[in-house]
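These are my notebook entries on what I looked up in one protein structure.

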Amino acid sequence: MGTRHNNFAPVLRLIAAVLSLSATASAIGVNYGTLGNNLPTPATVAKFLKTKTIIESVKLFNADPDILRAFAGSGLKVTVTIPNGLIPSLTKDDEARGWINDHIAPFYPKTKINRVLVGNEIMATLDDNLISNLVPAMKAVHRALVKAGIDDVQVTTAHAMGILKVSEPPSAGQFWPGHDVAVLKFLRQTKSPLMVNPYPYFSYAPSYAPSIADYALFRPNRGVHDSHTNITYYNMFDAMMDAVYSAIKAMGYADVDIVVAETGWPSAGDPNQPACTVDNAISFNGNLLKAVTSGTPLMPNRKFETYIFSLFNENLKPGQSNERNWGLFRPDFSAVYDVGILKNKQSRPAPRPAPVAGKKSWCVPKASASDQALQANINYVCSQKGMDCRPIQAGGPCFGPNNVRSHASFVMNSFYRLNGARPFNCDFAGTGVVANSDPSKCFIFFSSLGLFVNT
């Protein structure tokens with residue numbers, strides 16, 4: 001009895017890990033765009049978000065008075081954005097006070113406005129007039145808020161990842177020289193966050209290389225090694241966030257908070273946009289919800305306030321089809337896909353289906369897979385938050401036989417099962433294959449507990 005009790009210890013830890021995956025991220029927001037002629041009324045949107053979703057905040061690309069009125073009393077936090085073109089004029093105190101008096105004061109505090117963004121991706125415009133006036137305008141808007149007696153609304157701006165001159169390896173992150181010091185100094189003084197728009201999609205989409213796709217989509221991959229820190233990154237999002245952190249740390253501002261202002265993945269596109277699929281959107285946004293609550297290699301245990309792009313598919317957005325298909329929801333509030341955003345569904349990223357008798361599958365290594373590749377798979381799976389690899393360690397129920405292929409079989413199948421038994425979660429850079437026969441006694445042992453019974 002004693003030996004069997006000890007063997008169940010890692011099993012119980014693994015069960016706990018499974019349950020922990022259902023936890024949703026805190027401070028999850030959404031970008032609420034309005035470029036559509038079929039979108040629901042702001043009042044309906046506010047009610048839907050409050051009653052049907054876990055979304056706690058919205059970010060607007062303007063200061064639409066109809067939306068601000070509609071969100072009054074909802075308890076949802078609202079971030080508003082000042083249009084880029086107004087920045088030069090708002091460096092003047094009287095202009096800044098006028099804007100605050102017209103666009104913030106009439107709605108605050110009934111509408112829980114928590115942040116004002118002075119423009120969006122200003123550095124990426126390469127407009128010297130906007131760039132040189134950005135910090136002066138931020139300061140003037142902050143003074144105007146204080147003058148109006150509003151002292152709990154932050155002032156900041158959102159940056160594209162192009163603000164980084166160096167982003168690889170992450171530990172070498174460095175800003176382009178310019179107004180970065182002035183921005184960071186202002187943010188520290190006012191206790192406001194640096195807001196960034198990390199989009200792995202845009203780093204992946206031009207090449208469609210499968211290896212980059214797995215790295216961008218949080219799927220099994222060999223990883224990218226940072227030799228300066230001896231850290232291997234297994235997803236591009238973490239690498240992007242750590243590059244930003246390294247850049248601000250190098251300048252002495254590591255204490256400034258970082259907020260994810262925009263990120264997401266389109267669910268549909270034109271024929272020349274094969275990356276734009278529902279499965280890819282589920283993989284990215286679903287795993288994103290886990291990533292933003294578990295920190296990064298350089299920022300462990302840190303939770304990031306995160307705004308998914310976007311709330312709706314917007315049919316009037318210009319450009320290719322993918323531009324109109326970033327939404328979590330259609331205009332009728334039906335979900336394009338669900339990764340745990342809806343309150344009435346306890347789904348999580350790539351949810352594990354309920355067992356169905358007589359229909360089973362397992363993820364196993366291909367016969368041609370080398371031990372080196374399989375060890376890389378073990379390293380990847382065991383590095384993921386929520387994965388417990390102690391069953392394959394000495395004394396664990398799946399330690400024997402003690403070889404790389406056996407241990408890889410266990411961890412690869414664990415990853416496959418815990419992420420919904422979807423075929424792409426058994427790819428492992430071409431080293432995994434879905435099998436219809438039970439590959440080991442270890443899997444039978446765990447199947448008896450209901451952990452790896454497939455559909």
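**Entry 1: a loop residue.** I looked up Glu-121 and found it in the loop between strand 4 (112-120) and helix 5 (122-125), where helices (H or I, at least four residues) and strands (E, at least two) are DSSP runs numbered from the N terminus. Glu-121 has a positive phi of about 50° although it is not a glycine. I noted this because most residues other than glycine have a negative phi. Glu-121 is partly exposed, with a relative accessible area of 24%; buried means under 20%, exposed over 50%, and partly exposed in between, with a 1.4 Å probe and protein chains only.

**Entry 2: what I am reading.** The model is predicted, so I kept in mind that local features need pLDDT of at least 70 and side-chain atom pairs count only at pLDDT 80 or more, while totals for chains, interfaces and linings use all residues. Residues are numbered from 1 along each chain as its sequence is written, and side-chain values use heavy atoms, with hydrogens and water left out.

Entry 3: Phe-333 is not a glycine either, and its phi is near 75°. Phe-333 sits in the loop between strand 12 and strand 13, and with a relative accessible area of 19% it is buried.

**Entry 4: cis peptide bonds.** One joins Phe-309 and Ser-310, with omega about 5°, and Ser-310 belongs to the loop between strand 12 and strand 13. Another joins Gly-400 and Pro-401, with omega about -5°, and Pro-401 lies in the loop between helix 12 and helix 13 (404-418).

Entry 5: How many helices and strands does the protein chain have? I found 14 helices and 14 strands. Eight strands close into a barrel in the order 1-2-3-4-5-8-11-12, with parallel pairing; two strands pair if DSSP finds at least two bridges between them. Neighbouring strands of this sheet are turned by 25° against each other on average, direction ignored. Strand 8 (residues 194-197) and strand 11 (residues 258-263) run parallel and are joined by three bridges, and Val-196 stands opposite Val-260 in strand 11. Helix 11 (residues 278-294) packs on the sheet and touches strand 1 (28-32), strand 11 and strand 12, where contact means heavy atoms within 4.5 Å. The direction of helix 11 makes about 170° with that of strand 12, taking axes as lines fitted to C-alpha atoms, for helices over the stretch in contact, and angles from 0 to 180 degrees between N-to-C directions.

**Entry 6: aromatic pairs.** A search of the whole structure finds 20 aromatic pairs, in which rings of Phe, Tyr and Trp (its six-membered ring) have centres within 6.5 Å, and planes under 30 degrees apart count as stacked, over 60 as edge-to-face and the rest as tilted. The ring centres of Tyr-201 and Trp-326 are 5.4 Å apart and the planes stand at 85°, so this pair is edge-to-face. Tyr-201 lies in helix 8 (residues 200-204) and Trp-326 in the loop between strand 12 (306-308) and strand 13 (362-365), so the pair ties together parts 125 residues apart in sequence. Tyr-201 is buried at 4%, and Trp-326 is buried at 3%. Tyr-234 and Tyr-380 form an edge-to-face pair, 5.1 Å centre to centre with 70° between the planes, and both are buried.
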